[in-house]
Amino acid sequence: MAERPLGELLRHARQRLADAGIADAAFDSRLLVEHFSGTTRTDAISSPDRIVGQVAEIEAALDRRLAGEPVHRILGYRDFYGMRLSLSAETLEPRPDTETLVDAVLPFVRETAARDGICRILDLGTGTGAIALALVTQEPRAVATGVDVSDDALATAAANAGQLGVLARFSAKKSDWFSEIDGRHHLIVSNPPYISSSEIEDLQNEVRNFDPRRALDGGPDGLEPYRTIASGAARHLEKDGLVGLEIGHDQRRDVTEIFEQAGYHLLAQHKDLGGNDRVLVFRC
């Protein structure tokens, strides 16, 4: 069928996903139908008889969702901290838990910018640019360098910066952690890979099969990236600079120990909306 009324199409899409056991069938079906038909929730309420011509595209999107692909991968974007960020094959899908890190360090960014007229931020493993872009959009005197080893991720982060109108204050740089980084920064932030290699196969299919492996795998114990950051951050920090990190829910003690042994002290710790340990902030 080439065309269907919007209300009927929404019911059909929801039923297809529900019949397959998709947990958020109503929400996912609405996102997919609205995105591919160019309609809104208001249209569904006020004009359910509106004829939709993109039935084939919607059915193809539903097929992908039924095959296990996350809904935001199908849409090609994810909303984060009030921004719409494009996704690509080699970028981690930014999730609400990571907004905890932005909230934790944003006051420091604003205080530093007010004092010095600028706040220089280094975002290690930038992916979509989510953390760095959230900070520079919230503080107009902040500038950020987003570091990644993936050309695909760097292109995506730069494109997101352009869409947000902050490309003049965001630079995407290819580097294996600190290897190609010069200069000093007021703040280093990272949501590094922190899943242990042996646990990757136990992750949900939507994560394991669609998030890039190297954005998940933190080595044999999930802590290798933290050791790398702890060993190199001080050389790239201004006096009294901070390091803000997302961590796994059970890693607070281990990551704190790694950084304290490297000469840092724990300044703050934050839980996510689920009550799990999620963010640590250190000062050198």
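Predicted model: local features only at pLDDT ≥ 70, side-chain atom pairs only at ≥ 80, totals over all residues.

**Entry 1: a pair close to the start.** I began with Glu 8, which is partly exposed at 30% relative accessibility. I noted the cut-off here: buried means under 20% relative accessible area, exposed means over 50%, and partly exposed lies in between. Next I looked for the partner of Glu 8 and found Arg 4, their side chains meeting in a salt bridge at 3.0 Å, N to O. Is Arg 4 buried or exposed? Arg 4 has a relative accessible area of 15%, so I wrote it down as buried.

**Entry 2: a link between helices.** I then turned to Arg 16, whose side chain meets that of Glu 59 in a salt bridge, 2.7 Å from N to O. Where do the two partners sit? Arg 16 is in helix α1 (residues 6–19) and Glu 59 is in helix α4 (residues 55–66), so this pair ties together parts that are 43 residues apart in sequence.

**Entry 3: a buried pair.** My next stop was Arg 278, which forms a salt bridge with Asp 272. The closest N and O atoms of Arg 278 and Asp 272 are 2.9 Å apart. I looked up burial for both partners. Arg 278 is buried at 8% relative accessible area, and Asp 272 is buried at 7%. For the tally, I wrote down 20 salt bridges.

Entry 4: Which residues form a negative surface patch? My list reads Glu 199, Asp 202, Asp 250, Asp 254, Glu 257 and Glu 260. I followed up on Glu 260, which lies in helix α11 (residues 252–261). Glu 260 has 45% relative accessibility, so I marked it as partly exposed.

**Entry 5: an enclosed helix.** Last, I looked at helix α7 (residues 130–138). How many of its nine residues are buried? I counted seven of the nine, so helix α7 is largely enclosed by the rest of the structure. The buried residues of α7 are Ala 130, Ile 131, Ala 132, Leu 133, Ala 134, Leu 135 and Val 136.

Terms used. Residues numbered from 1 in each chain as written. Heavy atoms only, no water. Salt bridge = Lys/Arg side-chain N within 4 Å of Asp/Glu carboxyl O. Buried < 20%, exposed > 50% of the residue type's maximum accessible area, 1.4 Å probe, protein only. Helix = DSSP H or I, 4+ residues; strand = E, 2+ residues; numbered from the N terminus. Patch = residues over 30% accessible without salt bridge, like charges linked within 9 Å, V, L, I, M, F, W, Y side chains within 5 Å. Areas by Shrake-Rupley, 256 points an atom, 1.4 Å probe, with all protein chains shown as cover. Lys, Arg positive; Asp, Glu negative; His and termini not counted. Charge placed at Lys NZ, Arg CZ, Asp CG, Glu CD.
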